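The points below are grouped by topic.

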Amino acid sequence: MDKVRLLKDRLSSRPVICAVRSEEALRRVLSFEEPRCVFVLGSTLQDLFKTVSSLTARGHMPFVHVDLVEGLKADQSGIRYMVDNARPFGVISTHKGVIDAAKAMGLVTVLRVFLLDSDAVRKGKSLVSSLKPDFLEVLPGVAVMGVEKGRLAELGGSLIAGGLVETREQVRAILDKGVLGVSTSRVDLW
């Protein structure tokens, strides 16, 4: 089974994505019996390899937000170094070059875009069309609740939402819009 299908299957049973920003949150994820999709949102290059390998060893699917790793240059050489040493399941980025490099190296890609206004939606749609990321994460996630389902579908691709999601009701409302997963750092929602 290919990696994208594998992730979609995982999200169909566990649509809340664990967004990890701290050691405490990482320990919490590592305590789960059932594997999850995990977004590593911030790390140092020194800690990244240990974090990703510990998540992978427990069956989780770690995605590294490349733009937020201290000491890692978000270029082709930096991505190659990360892939060779950390071996994440995928990457998250707002940058075209990172998405292109990661795709070429066989990683699952998540392009992050911000839904600020109609122009941002138009630009997001254009980016998805040209980059063809495996997933598109729209931020803030709570904005999805106010966007018509058809308008979200215009963005193209498989959608994830994240940011400012604080309640189970918000998670349900976002998923009802056809979004495959909701990323949140709120441990009580995991």
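T51 is found in helix α3. The coordinates are those of a predicted model. The overall fold is a closed barrel of eight strands with parallel pairing, in the order β1-β2-β4-β6-β7-β8-β9-β10.

- T51 has a relative accessibility of 7%, and because buried means under 20%, T51 counts as buried.
- Apart from neighbours within four places in sequence, T51 is in contact with L26 and V40.
- V52 is also placed in helix α3.
- The relative accessibility of V52 is 0%, so V52 counts as buried.
- With neighbours within four places in sequence left aside, V52 has contacts with P62, V64, A86, R87 and P88.
- V52 and F63 lie 11 residues apart in sequence, and their C-alpha atoms are 8.3 Å apart in space.

**The barrel as a whole**

- Eight strands close the barrel, running β1-β2-β4-β6-β7-β8-β9-β10.
- On average, neighbouring strands of this sheet are turned by 25 degrees against each other, with direction ignored.
- Helix α5 (residues 96-104) lies across β6 (90-93) and β7 (108-114).
- The angle at which helix α5 runs to β7 is about 165 degrees.

- β1 and strand β2 (residues 37-40) run parallel and are joined by three bridges.
- From β1 the chain passes through helix α2 (residues 23-30) to β2, in a right-handed β-α-β crossover.
- Across this pairing, A19 stands opposite F39 in β2.
- V20 stands opposite V40 in β2, and V40 is one of the contacts of T51.

**Strand β10 and its two partners**

- In strand β10 (residues 181-184), G181 and S183 point one way, while V182 and T184 point the other way.
- These four residues of β10 are all buried.
- Strand β1 (residues 16-20) pairs with β10 in the parallel sense over three bridges.
- In this pairing, C18 stands opposite T184 in β10.
- Strand β9 (residues 158-162) runs parallel to β10, and three bridges join the two.
- A right-handed β-α-β unit is made by β9, helix α8 (residues 168-175) and β10.

**Aromatic rings**

- Four aromatic pairs are found when the whole structure is searched.
- The ring centres of F49 and Y81 are 5.7 Å apart and the ring planes stand at 70 degrees, so this pair is edge-to-face.
- F49 belongs to helix α3 (residues 45-57) and Y81 to helix α4 (residues 76-85), so far apart in the chain that the pair, 32 residues apart, links distant parts.
- Y81 is partly exposed, with a relative accessible area of 41%.
- F39, F63 and F89 form a cluster through ring pairs.

**Charges over rings**

- K3 has its charged end over the ring of F89, 5.2 Å from the ring centre.
- R36 places its charged end over the ring of F32, at 3.9 Å from the centre of the ring.

**A153 in helix α7**

- A153 is located in helix α7 (residues 149-154).
- What share of A153 is accessible, and is the residue buried or exposed? A153 has a relative accessible area of 56%, and because exposed means over 50%, A153 counts as exposed.
- A153 and K132 are separated by 21 residues in sequence and by 15 Å in space, C-alpha to C-alpha.

Methods. Residues numbered from 1 in each chain as written. Predicted model: local features only at pLDDT ≥ 70, side-chain atom pairs only at ≥ 80, totals over all residues. Heavy atoms only, no water. Buried < 20%, exposed > 50% of the residue type's maximum accessible area, 1.4 Å probe, protein only. Pairing = 2+ DSSP bridges. Right-handed = clockwise from strand over helix to strand, strands pointing away. Phe/Tyr/Trp six-rings, centres within 6.5 Å; stacked < 30°, edge-to-face > 60°. Lys NZ or Arg CZ within 6 Å of the ring centre and 35° of its normal. Contact = heavy atoms within 4.5 Å. Axes fitted to C-alpha atoms, helices over the stretch in contact; angles between N-to-C directions.
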